[in-house]
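Please look over the sequence and the model shown here. A short report follows them.

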Amino acid sequence: MARTAARQPVPARRADAERNIAAILEAGARLLSADPTASVADIAKAAGVGRVTLYGHFPSREALVDAVLDHAVDVADAVLADESIDTAPAPAAMAELLRSSWELLDRHRRLFMAADRVLATERIREHHDRPLRRVERLIARGQRDGDFRTDLPLAWLVTTFFSIIHSAAQEREAGRLAPEEAEQVLITTMLSLLAPAERPAQA
């Protein structure tokens, strides 16, 4: 009777693939956060895999950057999970959220530069849906408590948060915003924007 060729168990292959993907994402986040022009070959080498293996999981640089960005946002979302966002006064909670967000974003700002080069702005925004739901919940609470303005749509205020913090990263990278000033500039800008609109004086 002819013997069939031995086959590696599927679960073992899956485990190898998962380890390779994890190594690629970690290496991609590390290298692209240091240099947004880091090549696919550099990332494969840092991950300890061949380019063929990397392209087997991520068929293009766009797909790789997309996955690395998603991984980085997942990690950031876990770090930003803090019960005080739902208990502290809204302005104080917003200031702390901005501090934490900026610390993470500043660390990975060059990764976002890499994403800007190959991904549509709307796609980058989609990656932030989970963290931005936290922002939306906080702003909505501030509006209910009278701490934040209600004359502008909630969705627009959330979009403004996203736009301002990423613009700060771009300004920081371009050297137009000093590292030691960025955090306070962000907090002052966002809290000023969220402050309740002054009512016109009555005649």
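## Basis

This is a predicted model, in which local features need pLDDT of at least 70, side-chain atom pairs count only at pLDDT 80 or more, and totals for chains, interfaces and linings use all residues. Residues are numbered from 1 along each chain as its sequence is written, and side-chain values use heavy atoms, with hydrogens and water left out.

Helices are DSSP runs of H or I with at least four residues, numbered from the N terminus.

## Nonpolar core

The largest nonpolar core has 59 residues. Such a core is a set of buried Ala, Val, Leu, Ile, Met, Phe, Trp, Tyr and Cys residues joined through side-chain atoms within 4.5 Å. Buried means under 20% relative accessible area, exposed over 50%, and partly exposed in between, with a 1.4 Å probe and protein chains only. Helices 1 (10-34), 2 (40-47), 4 (61-80), 5 (90-107), 6 (109-118), 8 (129-145), 9 and 10 (179-194) each give two or more residues to this core. In soluble globular proteins, nonpolar side chains tend to be buried together.

Leu54 and Met94 have the most contacts inside the core. Beyond four places in sequence, Leu54 meets Ile24, Val40, Ile43, Ala44, Val49 and Leu64; contact means heavy atoms within 4.5 Å.

Leu157 sits in helix 9 (residues 154-174). Leu157 counts as buried because its relative accessibility is 0%. Its contacts beyond four places in sequence include Ile139, Gln143, Met190 and Leu194.

Arg125 belongs to helix 7 (residues 121-127). Arg125 is buried but has no salt bridge. The nearest side chain of opposite charge is Asp129, 4.4 Å away. For charge, Lys and Arg count as positive and Asp and Glu as negative; His and the chain ends are not counted. Setting aside residues up to four places away, Arg125 touches Leu132, Val158, Thr159 and Phe162.

## Pocket and cavity

The largest pocket holds about 160 Å³ of space. Helix 6, helix 7 and helix 9 each give two or more residues to its lining. Helix 9 gives the most, with five residues. Among the lining residues are Phe112, Asp116, Ile124, Phe162 and His166.

There is one cavity of 30 Å³ or more. The largest cavity has a volume of about 270 Å³. Helix 4, helix 5, helix 8 and helix 9 each give two or more residues to the lining of the largest cavity. Its lining has 18 residues, with Ala76, Leu80, Ser101, His128 and Pro131 nearest its centre.

On a 1 Å grid over the protein atoms alone, a cavity is a set of points where a 1.4 Å probe fits but cannot get out; a pocket is an open set with protein on both sides within 12 Å along at least five of seven lines; lining residues have an atom within 4 Å of a point. Points are joined across faces, edges and corners, and a volume is the space filled by probe spheres set on them.

## Salt bridges

The count comes to 16 salt bridges, each a side-chain nitrogen of Lys or Arg within 4 Å of a carboxyl oxygen of Asp or Glu. Arg137 pairs with Asp86, with the closest N and O atoms 2.9 Å apart. This pair links distant parts of the chain, 51 residues apart: Arg137 is in helix 8, Asp86 in the loop between helix 4 and helix 5.

Glu96 and Arg99 form a salt bridge at 3.4 Å, N to O. Both lie in helix 5, three residues apart, about one turn of the helix. Glu171 and Arg176 meet at 2.9 Å. Salt bridges that share partners also join Asp106, Arg109, Arg110, Arg172 and Glu173 into one network.
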